Every structure is written in C-alpha cells, then in structure tokens.
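I opened the file and kept short notes on what I looked up. The entries follow in the order I made them.

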Amino acid sequence: MKMRYALVNGVRQEAQPKLRGVCVNCDREMVAKCGQQRIWHWSHLGKLECDHWWEPETEWHRMWKDQFPKEWQEVPHIAADGERHIADVKTGTGWVIELQLSPISLEERVSREGFYRPMVWVVDGLRYKRDLGAFRRAVTEALIVKDNPLYLDPFTGDAGIFQRWTPRQCPVFMDFGDEKFHVAGFPLNVPILWQLLLRPGTRTTVVAAVTRESFIQFCLNGSPLQNIVVMRDPQQPIRAYPRLRRRY
Ligand SMILES: [Zn+2]
C-alpha cells in the first residue's frame with residue numbers, strides 16, 4: 001500500500017530515506033521506500049494492507065493531491081460502525097475527492113459513495129488508450145442538448161468508459177490531462193474536466209465541461225464551477241468559451 005504520508009513522532013511527513021513512521025489509518029509501522037524506480041512513498045511493514053480500497057499512489061494521484069493542503073490528503077474516515085478507509089482528499093467542508101485510476105466494480109463504487117458521502121470522483125481518463133479515443137468521438141459526434149451552459153448528449157456507442165462511469169449518486173469528473181477537445185468544430189482552449197451527469201428522470205448520461213481551475217477552486221473554497229458555454233451567433237461560427245455557472 002503506497003502512501004504519501006505517515007506519522008513520524010505524531011507529525012505527517014513524506015517519505016525520506018531510512019525513515020520509520022506509523023500509518024495514519026491503522027497506527028501500524030511504516031517504512032519509507034525511496035528508490036529510483038518509483039515515487040518515494042511509505043509502505044506498511046510486511047506488505048500489510050489496511051485499506052482494500054486503496055490504490056497505489058502514482059504521479060497522477062500526486063499531481064491532484066498537490067492542489068490541496070497537506071492536511072486534506074490521505075485522511076482516515078471512520079463510519080459509525082467502525083469501518084475505516086482513507087480518503088484521497090477530504091476538504092475543509094467535508095467533501096471527499098476520490099482520485100480513481102483503475103476501474104472498480106459497481107458494487108465497490110456504490111459502497112464507497114455510501115461511505116464517503118458527500119464525495120466526487122475524479123477519474124484518470126488516460127489510464128487506457130482506447131478511452132480517450134472513444135470519449136473524443138463521443139463528444140465530437142454528440143448532440144448539443146443545451147448551449148448555455150453546454151450539455152452534450154454523447155455518442156457513447158458501447159464505449160467502456162461510459163459503461164464504467166455512468167454516474168450513480170455522486171458527481172463524476174473525467175480528467176484527460178492536457179488533451180484537447182473540440183465541440184461543434186470549435187476547440188476548447190482551457191484545461192477542462194468532463195463532468196458526467198444523468199439526464200433528470202432517465203438513465204441517460206449527458207456530459208458538461210468545467211474548467212479544471214474552477215473545479216480546484218470549488219474544492220478549495222466552494223466557489224462555483226465554471227462551465228463551458230457555446231455561443232451561437234448567426235453571423236459567426238459557433239464559439240465555445242468558459243463562463244460562470246451559478247449552481248453546482
Ligand atoms: Zn495502515
């Protein structure tokens with residue numbers, strides 16, 4: 001179980017060569033792993049797993065965690081019945097942000113959504129090569145349901161990424177890094193996350209694009225997400241640009 005932090009003399013610390021510490025979740029001993037192959041991390045002594053939901057830390061997890069204060073990262077969350085897991089990020093207002101790289105079963109997703117509520121998923125869309133192509137096609141060939149803010153009815157076909165991440169009870173945001181997308185032929189020029197939403201009263205997925213920066217600000221201080229808007233001007237080609245959206 002690779003983790004970024006352990007407690008050294010009661011203080012949260014990143015791995016340093018030869019350091020020993022204890023796990024923030026289970027209090028058991030951890031050793032710092034500081035090799036050249038992998039990012040420096042902490043690991044339980046003797047390959048112990050104290051949270052079977054935990055994903056090994058990657059650069060992608062680190063990049064996201066780096067957006068938030070240290071005290072918000074890797075926070076143990078304990079249910080009334082004593083069940084405990086480690087939230088990737090837990091904000092000051094109690095929102096849990098789960099950073100998900102690998103596919104998980106529907107059963108586990110439902111469990112985690114019930115356990116951490118309120119929570120949002122941030123999914124690494126670049127984990128599998130085919131996902132990016134399928135998502136890009138789905139967006140490019142989508143119908144524009146609404147232009148302000150932009151909602152698209154994606155051409156999902158039987159793309160796995162939509163099957164795996166159809167929203168259930170909690171918001172799902174797809175992160176394709178710096179990959180560029182076009183909507184109605186127009187490039188989206190700011191870094192975005194794609195939000196998957198359910199069309200009210202249906203099980204149909206619609207997608208919206210929010211700026212990555214506004215998502216981070218939303219997590220940091222509750223400020224509104226900025227949705228991409230499509231402008232239709234009869235004299236001009238359709239333009240897409242970010243604009244403030246008032247409601248979450
Ligand atoms: Zn532990």
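**Entry 1: metal site.** I wrote down the sequence spacing of the residues that donate to the zinc ion, and it reads C-x2-C-x17-H-x5-C. The model is a predicted one, and I read every value below with that in mind. The donor atoms are SG of Cys23, SG of Cys26, NE2 of His44 and SG of Cys50, at 2.1 to 2.3 Å from the zinc ion. I then looked up the angles among the four donor atoms, which run from 103 to 117°, and the site is tetrahedral. For reference I noted that the ideal angle for four tetrahedral donors is 109.5 degrees.

Cys23 is in the loop between strand E3 (20-22) and strand E4 (29-33). Cys50 is in the loop between strand E5 (41-44) and helix H1 (59-65). The two are 27 residues apart, and the pair links distant parts of the chain. Are Cys23 and Cys50 buried or exposed? I found both Cys23 and Cys50 buried.

Entry 2: I looked for positive phi in residues other than glycine and noted two. Asp27 has phi near 70° and is placed in the loop between E3 and E4. Its relative accessibility is 57%, so Asp27 counts as exposed, since the cut-off for exposed is over 50%. Lys18 has a phi of about 70° and lies in the loop between strand E2 (11-14) and E3. With a relative accessibility of 84%, Lys18 counts as exposed.

**Entry 3: Trp54.** I located Trp54 in the loop between E5 and H1. Why does Trp54 count as buried? Its relative accessible area is 9%, and buried means under 20%. I listed its contacts, leaving out neighbours within four places in sequence: Met1, Lys2, Met3, Lys65, Glu74, Ile86 and Asp88. I also took one C-alpha distance, from Trp54 to Gln16, which is 22 Å for a separation of 38 residues along the chain.

**Entry 4: His85.** I found His85 in strand E7 (residues 84-90). At 2% relative accessibility, His85 counts as buried. Which residues does His85 touch, not counting those up to four places away in sequence? I got Asn25, Asp51, His52, Trp53, Val75, Pro76, His77, Phe115 and Tyr116.

**Entry 5: cis peptide bonds.** The peptide bond from Arg117 to Pro118 is cis, with omega near 0°. Pro118 is in the loop between helix H2 (106-116) and strand E9 (119-124). The peptide bond from Asn148 to Pro149 is cis as well, with omega near -5°. Pro149 is in the loop between strand E10 (143-147) and strand E11 (150-153).

**Entry 6: nonpolar cores.** I looked up the largest nonpolar core and found that it has 35 residues. Phe135, Met174 and Trp194 have the most contacts inside it. Which helix gives the most to this core? Helix H3 (residues 129-140) does, with five residues. Another core lies apart from it, with 18 residues, among them Val122, Leu193, Phe215 and Leu225. In soluble globular proteins, nonpolar side chains tend to be buried together.

**Entry 7: helix H5.** I went through helix H5 (residues 212-221) for burial and found Arg212, Ser214, Phe215, Ile216, Phe218 and Cys219 buried. After H5 comes Gly222, with a positive phi near 75°.

**Entry 8: whole chain.** The protein chain has five helices and 18 strands. The C-alpha trace spans about 65 × 35 × 35 Å along its principal axes. Of the 248 residues, 48% are buried. Among contacts between residues at least 6 apart in sequence, 52% join residues at least 24 apart. The chain exposes about 12600 Å², and carbon and sulfur atoms supply 50% of that area.

How values were computed. Residues are numbered from 1 along each chain as its sequence is written. This is a predicted model: local features need pLDDT of at least 70, side-chain atom pairs count only at pLDDT 80 or more; totals for chains, interfaces and linings use all residues. Side-chain values use heavy atoms; hydrogens and water are left out. Donors are N, O and S atoms within 2.8 Å of the metal (3.2 Å for Na, K and Ca); water is not among the atoms, so sites may look incomplete. Four donors count as tetrahedral if all angles lie between 85 and 135 degrees; four count as square planar and six as octahedral if opposite donors are over 155 degrees apart and all others between 65 and 115; anything else is irregular. Helices (H or I, at least four residues) and strands (E, at least two) are DSSP runs, numbered from the N terminus. Buried means under 20% relative accessible area, exposed over 50%, partly exposed in between (1.4 Å probe, protein chains only). Contact means heavy atoms within 4.5 Å. Accessible areas come from the Shrake-Rupley method with a 1.4 Å probe; for residues, only the protein chains shown count as cover. A nonpolar core is a set of buried Ala, Val, Leu, Ile, Met, Phe, Trp, Tyr and Cys residues joined through side-chain atoms within 4.5 Å.
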